[in-house]
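Reader: I am new to this structure. Please show me how to read it, one feature at a time.

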Amino acid sequence: MVETRRYAVTGMSCSHCESAVREEVEQLTGVASLEVSASTGLLELTVTEPALADAQVLAAVDEAGYDATRQP
């Protein structure tokens with residue numbers, strides 16, 4: 001089952017910020033692809049593993065130094 005999820009990420013302002021978030025989130029098992037945009041403040045990822053919890057994604061973003069919330 002493939003699912004697309006969107007998260008609002010606060011505090012990103014440049015490509016370095018995008019890279020930091022990308023590096024942490026792409027390590028999670030079940031992430032097929034992801035896009036991070038500092039200009040829109042969004043993280044969009046395609047998940048192939050439904051067991052991947054939002055808490056894991058939020059923790060990865062936190063590890064990169066930012067806050068995130070899941071978008072509907």
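Reader: Leaving aside its neighbours within four places in sequence, which residues is Tyr-66 in contact with?

Author: Contact means heavy atoms within 4.5 Å. By that rule, and leaving aside neighbours within four places in sequence, Tyr-66 is in contact with Val-9, Thr-10, Gly-11, Met-12, Cys-17, Ala-20, Val-21 and Val-61. Two notes on the source. This is a predicted model, where local features need pLDDT of at least 70 and side-chain atom pairs count only at pLDDT 80 or more, while totals for chains, interfaces and linings use all residues. Residues are numbered from 1 along each chain as its sequence is written, and side-chain values use heavy atoms, with hydrogens and water left out.

Reader: Which residues of the largest nonpolar core touch the most other members?

Author: The general idea comes first. In soluble globular proteins, nonpolar side chains tend to be buried together. A nonpolar core is a set of buried Ala, Val, Leu, Ile, Met, Phe, Trp, Tyr and Cys residues joined through side-chain atoms within 4.5 Å. Buried means under 20% relative accessible area, exposed means over 50%, and partly exposed lies in between (1.4 Å probe, protein chains only). Here the largest core has 22 residues, and Met-12, Val-21, Val-25, Leu-43, Leu-45, Val-61 and Tyr-66 touch the most other members. Strand 1 (3–10), helix 1, strand 2, strand 3 and helix 2 each supply at least two core residues. Helix 1 gives the largest share, 4 residues. Helices (H or I, at least four residues) and strands (E, at least two) are DSSP runs, numbered from the N terminus.

Reader: Which residues of helix 1 are buried?

Author: An α-helix has 3.6 residues a turn, so residues three or four places apart point the same way. In helix 1 (residues 15–25), the buried ones are Cys-17, Glu-18, Ala-20, Val-21 and Val-25. Seen down the axis of helix 1, they fall within an arc of 160 degrees, so they line one face. The arc is that of the directions from the helix axis to the C-beta atoms. Ser-15 and His-16 are exposed on the other side. The cover over the buried residues of helix 1 includes strand 2 (31–37), strand 3 (42–47) and helix 2 (54–63).

Reader: And in helix 2, which residues are buried?

Author: Val-57, Ala-60 and Val-61. Down the axis of helix 2, its buried residues fall within an arc of 100 degrees, so they too line one face. Turned away from that side are the exposed Ala-55 and Glu-63. Strand 1, helix 1, strand 3 and strand 4 (67–71) are among what covers the buried residues of helix 2.

Reader: At what angle do helix 1 and helix 2 pack?

Author: Two packed helices are described by the angle between their axes and the distance between the axes. Axes are lines fitted to C-alpha atoms, for helices over the stretch in contact, and angles run from 0 to 180 degrees between N-to-C directions. Helix 1 and helix 2 pack at about 135 degrees, with axes 8 Å apart. That makes helix 1 oblique to helix 2. Angles under 35 degrees count as roughly parallel, over 145 as roughly antiparallel, 65 to 115 as roughly perpendicular, and the rest as oblique. Val-21, Glu-24 and Val-25 in helix 1 meet Ala-60, Val-61 and Glu-63 in helix 2.

Reader: Where is Pro-50 found?

Author: In the loop between strand 3 and helix 2. Pro-50 counts as partly exposed, at 49% relative accessibility. Leaving aside neighbours within four places in sequence, Pro-50 is in contact with Met-1 and Arg-5.
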